[in-house]
Amino acid sequence: MTDHSTKHEGVPAGAQQPTSREHRIADVFVTLADTLVTGFDVAGFFDDLAGACVELLDVTAAGLMLVDPAGRLRVMASSSERSRLLELLEIQNDEGPCLDCYRGAEPVRADDLVAGDGRWPMFSAEAARVGFGSVYALPMRLRAETIGALNLFHRRPAALTDAGLRLAQGLADVATIGILQQRAIQRGADLADQLQTALNSRLIIEQAKGVLSEREQVDMSAAFDVLRRYARRTGRKLSEVAAAVVAGELSSTELQSVGAPRHQSSQDTA
Amino acid sequence: MARDGADVGKVNSSGAAASLVARICRLVVESLPVSKAAVSVMTAGGHRGVVSATDETAQLLEDVQFTVGEGPGCDAFECGRAVLVADLEAATPAWSAFRDLARDLAVQAVFAFPLHLGAARLGTLTAFHGEPGALSGEHLARAVRLSDAAAVAVLDLIVGAAASDGTGAGPDGSDLVAEFYRAEIYQAAGMVMEQLGVSIEVATVRLRTHAYVSGRPIGDIARDVVARTLRLEADGDRSLDQA
């Protein structure tokens, strides 16, 4: 029905315009740089970065994994629940492109998971089941160390070009700089402590999701949206908002309201 | 890399949470360039107590912090971040009582780690040394790893559970810690907090207790809570599958 219309109707909505895409890339880097300069929040930063990857690289989902002090990869941020579960499964089964990327400290591209070479039987089957055709993983490298990986998922095979992969590596490097930045702000803090703090702030976000999910009777991703929207609207850090929710300092009315947040006393009745 | 996880596992399979905490303290002293270590339980409500200390000096240095309400352990507990003091004489915070006692006891370096599970704050692990000097990156990573195990051990201590009783502890103690990486445990704790109107610490303890009593891994309990097939009640929990 629509295959003959574009010729006569100018630029169709949603078409790629190189200049506007370049502007968007610049905007995203400026925004990310901005969060680095003004009060840094590693959990919120990683969440923004996952969102930026989806937008700029036109992928279906993006996730970031960090290594913990015991050398295990852990999911730090994911743009969708689907990709988060896949990443968790990969860690649990100890098999998949993101793990290979982390262990080899090299980018891993799987252009076609269905017709793949059988490198990751369990991962490929699950990825296909949830509708991903290709996956790309970029290492987060810090000098000789690899501290994590950026994972990109697409429903189509062969979704990323070489140029796209270079931009993706740039975004992975930004994530690494984010960790370094937090380290520089908290003078004296070391990398192991830094990663630990980042991972713990992720756990506080999970606790806050649980609180809101129960209070509003919604699922976890809807609960996360409530947190994220409030943080963006009020300019507060995502992890700070999560901590306030778990401390019982943010009511639903405040979370849904537009005005400045008002604090109330803790309601611990234990 | 040291096999801390396996060592923790040995203790873990041999007995109760208290001996696991004591073993972690000994591992800190054996595998790091420090001479003493202690684990303390702390609550936001102000309850404080030393659970395990490798010697009298470590015990005294913990006690003085509880008495005056300040010190590196208190700071680590409050800010949720490691407080690393390579040289007490040159340290910025005052902590006058702590510093005076440390000087008398010939302790010059202190490294305190928070025992937190998300926003649930359970206590601290602190290492002391008689000579000034910072921990290397590798030593710090090991200390953080041991504090992870200590956080779960202290939770079990609060619950009163023997860590070897099938509540998520595998043959290797690192499984016990790995079990606590599941996002569902934290989501479920948040839900229980809201359902029962309790603090996040109490909600976490309730989840762990339910796991202990039912003999199932805490990750499974958490999944049921998140799926809303299990609801913990103020007076006896009920499975909604059976309802």
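V110(B) stands opposite F128(B) in β5(B), within a predicted model in which local features need pLDDT of at least 70, side-chain atom pairs count only at pLDDT 80 or more, and totals for chains, interfaces and linings use all residues. Residues are numbered from 1 along each chain as its sequence is written, while chains are lettered from A and ligands numbered from 1 in the order in which they are written.

The strands β4(B) and β5(B), the latter covering residues 120-129, pair in the antiparallel sense over nine bridges; pairing requires that DSSP find at least two bridges between two strands. Helices (H or I, at least four residues) and strands (E, at least two) are DSSP runs, numbered from the N terminus. Two residues lie between the strands in the hairpin of β4(B) and β5(B), where G118(B) takes a positive phi near 65°. Strand β3 of chain B, residues 83-85, is joined to β4(B) by three bridges, and these strands run antiparallel. There, V83(B) has A112(B) as its bridge partner in β4(B).

Nine of the nine residues of β4(B) are buried, a residue being buried if 20 or more other C-beta atoms lie within 10 Å of its own, exposed if 12 or fewer, and partly exposed in between, with C-beta atoms placed from the backbone. In a regular strand the side chains alternate between the two faces of the sheet. Accordingly, A109(B), F111(B), F113(B), L115(B) and L117(B) point one way from β4(B), and V110(B), A112(B), P114(B) and H116(B) the other way. For chain B as a whole, 58% of the 243 residues count as buried.

Attention now turns to the contact between the chains. It takes 31 residues from chain B and 29 residues from chain A, where two residues are in contact if their C-beta atoms, placed from the backbone, lie within 7 Å. On the side of chain B that touches chain A, β4 (109-117), α6 (137-159), α8 (183-196) and α9 (200-214) of chain B each supply at least two residues. The largest share, ten residues, comes from α8(B).

In chain A, helix α9 (residues 238-246) is mostly covered, with eight of its nine residues buried. Among them are L238(A), V241(A) and V245(A). The buried residues of α9(A) pack against α2 (42-57), α7 (191-216) and α8 (220-234) of chain A, together with α8 and α9 of chain B. After α9(A) comes G248(A), whose phi is positive, near 75°.
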